[in-house]
Amino acid sequence: MSPVLAGIVGIAVMILMFMTQMPVAFVMALVGFLGFSIMTSPDAGLVLLSRNIYETFASYDLTTIPLFILMGQLGFNSGISKRLYSAGYTFLGSVRGGLAMATVTACTAFGAVCGSSPATAATMATVGLPEMKRFNYDDALATGSVASGGGIGMIMPPSVVLIIYGILTEQSIGQLFVAGIFPALLVTMLFISAVFITCLIDENAGPAGETFSWAARFKALLGLSETLMIFALVVGGIFYGLFTPTEAASVGAFGVLLIAVIKRQLTWKGFVKSLMETLTTSCMVLMLIAGAVIFGKFLAVTRIPFEIASWVSGLNMAPALVIAVIIFIYFMGGCFMDALAFVTLTVPIFFPVVMELGYDPIWFGIIIVMVTEMGVITPPVGINVYVVYGVAKNVLSHNVALEKIFKGITPFLIALIIGVIILIAFPAIILFLPHLMYA
Amino acid sequence: MKLLDRFLNLVSDLLKSAGALALTLMMLITVVDVAGRFFKHPIFGSVEIVGFLAVAVTAAALPHTYKVGGHVGVEIITRFLPRRMRLLMDLFTRTLTLILFSVVAWQMFVYTKDMQQAGEVSMNLEFPLHYIVLFLAVSLTFFSGTILQQIVSTVNQLRKGTTR
């Protein structure tokens, strides 16, 4: 069997095994190990398995992941999300659709301490949905804004997907982080516009809420101060080269813990819960990376990524068309598979192609995160939709049908598509800050 | 069997606590190191210690994460299957997972032995690395035990024909 054919068979077997609901990480490790053993020798396969799992778990660079997850968990359990929401609420609540706009803004702000999209969606759904219910918001707009807003957490630094992309492609995590700031703000603006237009079309979708005095608004704004401080410390520290990403994550997590303890906002139970949640999520993410690394080694011996890269460059197709096809694949993949899993699986295949075409690796990282962000809100696997569905069941007195949530995300999906087009047309929005970092 | 169950649950809980402690230490050591650097007194070998603790964090969380269904899978097809078929599919994937991680655990013990014989130590602290690999190997063994526990539970459900 030729190496390329072996690779194609391996990919086909892997896709088939995904359908059995076996964890993606384990399937990648199993197929990668078997494929590598067949292509080289069983002994080499066995060595690959143990060495790669140990090296992934012991990697200092990857310690960024549990530490940033811990920072988000501590932020959640100490009630930062509530204060962020009320800050947005006092400013935007009186406008039609203002509560949904406040939710989106709070999602972006919470994304600055939390690197996970479902976690951001779950947090904001808990805080935002009962308020929107109180002001008779349409269920579709309320749930749609929370599910979609949660996705901003994926681009806003610190972002777990960007860390993984950085490690798999050997790009600077610091540069990827700062590159994500403007796109995250752009998406926030587009989402706010989506809410505005939705309320223009349907006047009853988001009735206006309470109006607050300027004194109350400034008081609520103080609730943002600690998040801003932590964000400035973490991202600023990386930007100016004061900290490595791991150090920034530790300092950030410790900062959130310190503030919560001083302000007596975190109980011992909340602290332990944060640690336990972090352990489970980190284990899942690191196992995914270990699986992807093993599968990547198999792919490398089949030479598939390089063959695809040279095949595509020999096609004489316009690079923009190739990028469009890749983006379409990411969009479709994101619809069927967990965003993180899909990125870890496909980056080793597509990255060489994109580099061959001469695109900027940082730009590509942000673009694929943007596209997979669409995946987290589109059927059938839109994880954020299921998260919000679950939270809505608990915090509202009635069930919101899944179809209704999917309907609610439509304006936000259109906004995201526009966002991706803008970022493709104006790459400087992404690359401006990372270039400044080099300068 | 019940005794084994209780033992595995106890180990899983102990490992979870060890992981939580390792995570807290990881954060604290790095913060102290950063602060110390500003006063020209960083912690010697902090990067190595954090790397060791990272192994502890992930390895210790393996049994618990599997037990609570923390790993992501693709549910598109299975959610439409009848319950019995779904349980049979579960049995199949869990058995494959058990085989995979038994091999990984075995290989990790082999790796431990290789490292011990080669006398490999960390660069700064000169800590024998085989202890770290051994911890991972032991955690993987308990992880395999947890997978077996889940297989038995699936078989019992299939026998009884009860809903999950």
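## Salt bridges in the model

A salt bridge is a side-chain nitrogen of Lys or Arg within 4 Å of a carboxyl oxygen of Asp or Glu. By this rule, 8 salt bridges are counted over all chains. Side chains of opposite charge can pair when their charged atoms come close.

The structure is a predicted model, in which local features need pLDDT of at least 70 and side-chain atom pairs count only at pLDDT 80 or more, while totals for chains, interfaces and linings use all residues. Residues are numbered from 1 along each chain as its sequence is written, chains are lettered from A and ligands numbered from 1 in the order in which they are written, and side-chain values use heavy atoms, with hydrogens and water left out.

## A pair between chains

R37(B) and E247(A) form a salt bridge, with 2.7 Å between the closest N and O atoms. This pair crosses between chains, from helix α1 (residues 2-38) of chain B to helix α13 (residues 245-262) of chain A; helices are DSSP runs of H or I with at least four residues, numbered from the N terminus.

Relative accessible area is computed with a 1.4 Å probe on protein chains only; buried means under 20%, exposed over 50%, and partly exposed in between. R37(B) is partly exposed at 33%, whereas E247(A) is buried at 5%.

## Pairs within a chain

In chain B, R94(B) and D90(B) meet in a salt bridge at 3.9 Å, N to O. The two residues lie 4 residues apart in helix α3 (residues 83-118), and are therefore separated by about one helical turn. R94(B) is buried at 15% relative accessibility, and D90(B) is buried at 13%. Elsewhere, salt bridges that share partners join R83(A), E226(A) and K263(A) into one network.

R303(A) forms a salt bridge with E307(A), the closest N and O atoms lying 3.9 Å apart. R303(A) is partly exposed at 43%, and E307(A) is partly exposed at 35%.
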